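Okay, thanks for making time, everyone.

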Amino acid sequence: MTLPRVASRDEWLAARLELLKREKEAMRVQDAVTAQRRELPMVRVDKEYTFEGPGGEARLIDLFEGRRQLIVYHFMWNNSAARARGDQGLDEGCPSCSFTIDSVGRLDHLHASDTTFVLVSRAPLAKIESFQARMGWTIPWYSSAGSDFNYDFHVTNDESVAPVEFNYKDKATLERSMKTAFVVNGDGQAISVFVRDEDSVFHTYTTYGRGTEFMMSTYQFLDLTPMRRPRYVNQWPYHDTYGSEAGHSHHC
């Protein structure tokens, strides 16, 4: 780590006030983006999707648990990079998604805001529940295996099922970048938002890739410090493997 240069209190204050101007500018831009996001139109979800959860079979509207809004985190499973390496034995949740969900705390405040938060993966429910128990999470987690949900919202790509698309980019565009080529075949992470009007469900928003970074509180805290982020998102180990060799061997 390279330490910041040493300065007088007056020099520090001048630099801090200059940064404060930029922080306020960034906040005003973020407020404007948030307002624009809220103004997006919504699209009726007419297709019937079937999920499997702790309570058995569920429809998309059931995931709301009676609330008006639903936030779905699309949790990658059997990540594509591992499959590309020929690692067929990796049958667990993606480490980078796990790093993300480790930052999610109690859901009471969301529930009090008429909003439900759930995880959805393409894995069988038994595998999801085993991994969830290992991680110690209590967030509702559903299996979308056997449905078109992942493909329709472009978080799983398989050309035999549907044209490749991720983050609003087609296959040719994705393949031109090393950062996105991995999602041409397999899962990618994303967040989707839905609202309910009585018995009708509408899709309002989906963000992919770094669009989910706001959830990663480890990064938000580290960004306040002089140290840089020590790991890229796909380099974080599972939280139960720190101190072991396995803690340095999982990469998406």
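I'll go through the strands, the cores, the loops, the salt bridges and then one surface patch.

Quick housekeeping. This is a predicted model, where local features need pLDDT of at least 70, side-chain atom pairs count only at pLDDT 80 or more, and totals for chains, interfaces and linings use all residues. Residues are numbered from 1 along each chain as its sequence is written, and side-chain values use heavy atoms, with hydrogens and water left out.

Let's start with strands. When I say helix or strand, I mean DSSP runs, helices being H or I with at least four residues and strands E with at least two, numbered from the N terminus. Two strands count as paired if DSSP finds at least two bridges between them. So, take β2, residues 50–53, and β3, residues 56–59: they pair in the antiparallel sense over 4 bridges. A hairpin with 2 residues joins them, and Phe51 sits opposite Ala58 in β3.

Now go to β12, residues 200–208. Strand β11, residues 190–197, runs antiparallel to β12, with 8 bridges joining the two. β1 also pairs with β12 in the antiparallel sense, over 2 bridges. Which residue of β12 is the bridge partner of Arg44? That's Phe202, and Phe202 is also the bridge partner of Val195. In the hairpin of β11 and β12, with 2 residues between the strands, Glu198 takes a positive phi near 55°.

While we're around β1, look at Glu39, in the loop between α1 (9–38) and β1 (43–44). Buried or exposed? For the cut-offs, buried is under 20% relative accessible area, exposed is over 50%, and partly exposed is in between, using a 1.4 Å probe and protein chains only. Glu39 is exposed, at 64% relative accessible area. The C-alpha atoms of Glu39 and Ser200 are separated by 19 Å, and the two residues are 161 residues apart along the chain.

On to the inside. By a nonpolar core I mean a set of buried Ala, Val, Leu, Ile, Met, Phe, Trp, Tyr and Cys residues joined through side-chain atoms within 4.5 Å. The largest one has 20 residues, and those with the most contacts inside it are Tyr73, Phe75, Ile101, Phe117, Leu119, Phe131 and Trp141. The elements giving two or more residues to this core are α3 (95–101), β5 (115–121) and α5 (125–135), and α5 gives the most, with 3 residues. Click on Tyr73 for a moment. Counting contact as heavy atoms within 4.5 Å, and leaving aside neighbours within four places in sequence, Tyr73 has partners including Cys97, Ile101, Phe117, Leu119, Gln189 and Met215. There's also a second, separate core of 17 residues, which includes Ala58, Val120, Phe149 and Val201.

Asn167 lies between β8 (165–166) and β9 (169–170), and its phi is near 55°, a positive value in a residue other than glycine. Tyr168 lies in the loop between β8 and β9 too, with a positive phi near 65°. Asn167 is partly exposed at 31% relative accessibility, while Tyr168 is exposed at 54%.

Okay, charges. Side chains of opposite charge can pair when their charged atoms come close. The rule used here is a side-chain nitrogen of Lys or Arg within 4 Å of a carboxyl oxygen of Asp or Glu. How many salt bridges does a search of the whole structure find? It finds 15. Lys47 and Asp152 make one of them, at 2.8 Å from N to O. Lys47 is in the loop between β1 and β2 and Asp152 is in helix α6 (residues 149–152), so the pair ties together parts that are 105 residues apart in sequence. For contrast, Lys21 bridges to Glu18 with the closest N and O atoms 3.8 Å apart, and both lie in helix α1, 3 residues apart, about one turn of the helix. Then there's Arg59 with Asp62, where the closest N and O atoms are 3.1 Å apart.

Last stop, the surface. Met1, Leu3 and Met227 make a nonpolar patch of about 370 Å². Patches are made of residues with over 30% relative accessible area and no salt bridge, with like charges joined within 9 Å and nonpolar side chains (Val, Leu, Ile, Met, Phe, Trp, Tyr) within 5 Å. The areas come from the Shrake-Rupley method with a 1.4 Å probe, and for residues only the protein chains shown count as cover. Met227 lies in the segment after α8 (217–222) and is partly exposed, at 45% relative accessible area.
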